[in-house]
Amino acid sequence: DLAPGDEHRCGKLLMSMYGTRDAALNWALEYGETLQTAGYRQGRANPCLFYNADLGVSIMVHGDDFVAVGPDKCLDHVRQTLGDKYKIKVEALGLEKDQSSEVRILNKVVRVTKAGIELEADPRHAELAIKELGLEGAKASAVPGSKEEAKGRPAAKEAETTVRRKATQARMDLAVEKLVDSIESAKKSAGGEAWGDQGQEEIGIDDGVDDTELDAAAARLYRGVSARLNYISPDRPDMGYAIKEAARSMSKPKISDMRRLRKIGKYLIGRPRLILHFCWQDAPDRVVAFTDSDWAGCGRSAKNISGGAICLGEHTVKTYCKQQKVIALSSAEAELYAMVAASAEPMAMLREIPPHLRVLHRCLLHSFDIYLRQAWMLRAIPSHLRAPMVDVTHASAGAGWLATSMAHIPPFLSAQAMK
């Protein structure tokens, strides 16, 4: 504290100041040294993972939260190791009498049942998003968003425009069938409707987009709600695409973007919670990846959108929805990029498997199943072009493996592709 006579003086900081980068780094070095001294090995791909082979205990660290998994007797060693140096509060998850059937990890709800483990995103974020958007009492939406809305075109407007376009095209086809030989006869065959500039405006697409940027207060609200939804996105795969589209507009949100964000809030009114079930199962022997792409799915940039799900046995461990970095010239090329991403995601995930699962790691590394919708389109690409396309465009993990296997038509495409 500042005392009389301390004016115009500088103090020397003897400890890390809370909230600074040095504080986080020094804390990571501190608990890392503590656990390694106790016989734990630190992960190389993920330094927040620790494993003790003698005890069979795995530890995951996030900030000042420690999650330890292992036999009950060996967990006492973890409690003693951390309790000797730090002031800790312990909660045990299990089905025993002295254990809790539900705990919170990073505010995520984790439950244990006789059937398996349940994971639920923090339900408070859904409540706060609805409250911040002022949607209390509003009517729930059946979907968090649609492709037409993502492009800035309301679904109702799209339907109306499509009907008008089809009706006008039918009248034009009828005029052609009658072999009109002048503009006047064409107008007459169309029922007196003008075919000049007015006709073009009528069959044109009215996007209905309000490109007016939000004011400072509304933009701050938009960014805050989008960031909140982005936090729960990994645990809400049903909203992944809509949240991704909302996050893309955080730099300069517009009125049309706020309308789509409110659509997500209305969806949360009807479905505020989603519980992921992980049933008990034997150790899996393969990684299964499901993927698909939407060619030119982004109406603003004409870039493609890749989506996928990574499964270990019957457990869906990761879902993603990403925009591809390049503009594909065909739907087959877009599918190819999606498959490369689907192969890289499991390989990156396998690198984070703790050391005690090395046998499982070796097994999974050579047991990939990639299910690609419309995979037959890749056969249209000449075999001598497949490997160079992957090598040049993608230098991420898995690209080399995929390029080698695509020298000819991959067996899993012909045998296990989705039909």
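1. A residue is counted as buried when its relative accessible area is under 20%. The model under review is predicted. Asp 235 has a relative accessibility of 7% and therefore counts as buried.

2. Asp 235 is placed in the loop that runs between helix H8 (216-232) and helix H9 (240-247). Apart from neighbours within four places in sequence, Asp 235 has contacts with Lys 108, Leu 119, Ala 121, Leu 274 and Leu 276. With Lys 108, a polar contact of 3.0 Å is formed between the two side chains. Leu 276 lies 41 residues from Asp 235 along the chain, and their C-alpha atoms are 7.9 Å apart.

3. The largest nonpolar core comprises 21 residues, of which Leu 229, Met 239, Leu 261, Ile 264 and Leu 268 touch the most other members. Helix H3 (123-132), H8, H9 and helix H10 (255-270) are the elements that give two or more residues to this core. A second, separate core has 11 residues, among them Tyr 31, Cys 74, Val 78 and Leu 82.

4. Neighbours within four places in sequence aside, Leu 261 is in contact with Leu 133, Tyr 222, Val 225, Ser 226, Leu 229 and Ala 246.

5. The second largest pocket has a volume of about 500 Å³. Its lining is made up of 14 residues, and Tyr 18, Ala 23, Ala 24, Trp 27 and Asp 64 are the closest to the pocket centre. By class, the lining residues of this second largest pocket comprise 8 nonpolar, 5 polar and 1 charged.

Methods: Residues numbered from 1 in each chain as written. Predicted model: local features only at pLDDT ≥ 70, side-chain atom pairs only at ≥ 80, totals over all residues. Heavy atoms only, no water. 1 Å grid on protein atoms, 1.4 Å probe; cavity = no way out; pocket = protein on both sides within 12 Å on 5 of 7 lines; lining within 4 Å. Points joined across faces, edges and corners; volume = space filled by probe spheres on them. Nonpolar A, V, L, I, M, F, W, Y, C, P; charged D, E, K, R; others polar. Helix = DSSP H or I, 4+ residues; strand = E, 2+ residues; numbered from the N terminus. Buried < 20%, exposed > 50% of the residue type's maximum accessible area, 1.4 Å probe, protein only. Contact = heavy atoms within 4.5 Å. Polar contact = N/O pair within 3.5 Å; in protein donor to acceptor, adjacent residues only side chain to side chain. Core = buried A, V, L, I, M, F, W, Y, C linked by side-chain atoms within 4.5 Å.
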